[in-house]
Amino acid sequence: MALMATIRAQLSRFLSRTLTRPGFIAFNGSIRRPEAPPVHRNFSSSAAAAAVLPQREPMGVKEYEDYRRSLYGDITHKALLVDAAGTLLAPSQPMAQIYREIGEKYGVQYSEAEILNRYRRAYAQPWGKSRLRYVNDGRPFWQYIVSSSTGCSDAQYFEEVYNYYTTDKAWHLCDPEAEKVFMALTKAGVKLAVVSNFDTRLRPLLRALNCEHWFDAVAVSAEVEAEKPNPTIFVKACELLGIKPEEAVHVGDDRRNDVWGARDAGCDAWLWGSDVYSFKEVAQRIGVQV
C-alpha cells in the first residue's frame, strides 16, 4: 500500500508539471464545459480552485503512456469507468430551450440566449452552502440555478424542470452501439462502472434509459461525497469493482474532471472526443474486439 501511494504521488507530481489546463467554454446544444447542462449535470465543486492552478505544458499520449508503463508495467485494463453526462448520455434538447419552453406558462420571458448567459453566470459563482454542489437530490443548488437563469422562482416551475431531467425524454445515449460494446466487454471479463458528478437522480435516470444493468457499479458524487476531479470518487469506483486503480481506464469528456482526476487516482484515462470517439474504439484499445 505504501509503495502504491508513493507511485501515485510520483505520477501526480509528473502530471502537474506536464499537463495543460483548458480554459474554454463550448456549447453544443446543451452546455458542455465547464458549465453543466440543465438541472442535471455535475462538475467540480470548486471553480475558484481551478482559477489559481498553474498552467501546464502539454504532454503527448506516447510520453504519458511511457511514463505510466515505467510505473506500473504493461498492466491490462481490467475495468472501464465511464462518465455519464457528455460521454454515456447527452441531453436531447438544449438546456435553454427546455427552460424557456416549460417556463412560458410560468411567465418566463427571457430568450434562450439570455437564459444561457444567465445560467453561465450563475454556475460560475461559488456555491457557498456546501463544499459539494450535488448533495443528495441537489434541489437547493438547482433551485438557485433555475431561478437565476430564468428569473422565475415558482416552485411548481422548478419541480417540472427538475423532474423532466429524470426522464428518458430528456436524454439519449451518445453512442447507439453502447449496449453491444458493453455486453462484449462484460463477456470478456472487463468490469464496468459509471463515475459521475451527479445528484441522486442518476440511478433512476439510468433505469429509465434501460442501461443501469450494463454496469457492475455506479459511483455518484452525491453519494460518495466527492466530485471529480477529486480522485476519491475514482478510488471508490475501483473499490466497488474490486480492482486496483491502476487496473482501470476512465473515459470522459472533460480533461480536467475526467482525465486529470482519474490519473491523480492512479487510473489510466482517455478523453472522449479526442483520444477516443466511440465505445467500440474504447473496447479495441482495451483489447476486446466487437
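## About the model

The model is predicted: local features need pLDDT of at least 70 and side-chain atom pairs count only at pLDDT 80 or more, while totals for chains, interfaces and linings use all residues. Residues are numbered from 1 along each chain as its sequence is written, and side-chain values use heavy atoms, with hydrogens and water left out.

## Overall picture

Let's start with the inventory. The protein has 13 helices and 7 strands; here helices (H or I, at least four residues) and strands (E, at least two) are DSSP runs, numbered from the N terminus. Of its 290 residues, 51% count as buried, where buried means under 20% relative accessible area, exposed over 50%, and partly exposed in between (1.4 Å probe, protein chains only).

## The nonpolar cores

A nonpolar core is a set of buried Ala, Val, Leu, Ile, Met, Phe, Trp, Tyr and Cys residues joined through side-chain atoms within 4.5 Å. The largest one has 62 residues, and L80, L88, Y99, F182 and L185 touch the most other members. At least three of its residues come from each of domain 1 (61–89 + 172–286) and domain 2 (93–165), with bounds taken from an automatic or database domain assignment. There is also a second, separate core of 20 residues, with A219, A248, C267 and A269 among them.

## The parallel sheet

Which strand order does the open sheet follow? Its 5 strands are arranged β5-β4-β1-β6-β7, and the pairing is parallel. Two strands pair if DSSP finds at least two bridges between them. At the edges are β5 (217–220) and β7 (268–271), each pairing on one side only. From one strand to the next, the twist averages 20 degrees; axes are lines fitted to C-alpha atoms, for helices over the stretch in contact, and angles run from 0 to 180 degrees between N-to-C directions.

L80 shows both sides: its bridge partner in β6 is V249, and in β4 it stands opposite L192. L80 is also one of the residues that touch the most other members of the largest core. Further along the sheet, 4 bridges join β4 to β5, with S196 opposite V220 in β5. Strand β4 (residues 191–196) has 5 of its 6 residues buried, so it is largely enclosed by the rest of the structure.

## Helix α12

Now to a helix packed on this sheet. α12 lies across β6 and β7, running at about 160 degrees to β7. Of its 11 residues, 9 are buried, so the helix is largely enclosed by the rest of the structure.

Is N257 buried or exposed? N257 counts as buried because its relative accessibility is 4%. Its side chain makes a polar contact with the side chain of R256 at 3.3 Å; such a contact is a pair of N or O atoms within 3.5 Å, and within protein one must be able to donate a hydrogen and the other to accept it, with residues adjacent in sequence counting only if both atoms are side-chain atoms. At the start of α12, a side-chain oxygen of D254 comes to within 2.9 Å of the backbone nitrogen of R256. After the helix comes G266, whose phi is positive, near 105 degrees.

The loop between α10 (221–224) and α11 (232–241) contains P229, and a cis peptide bond joins K228 and P229, with omega about 15 degrees. E225 lies in this loop too; its phi is near 65 degrees, a positive value in a residue other than glycine. With 48% relative accessibility, E225 counts as partly exposed. N136, in the loop between α5 (112–124) and α6 (139–150), also has a positive phi, near 55 degrees.

V290 lies in the segment after α13 (279–286) and, at 30% relative accessibility, counts as partly exposed. Leaving out residues up to four places away in sequence, V290 touches K180, V181, A184, K280 and A283.

Terms used: Contact = heavy atoms within 4.5 Å.
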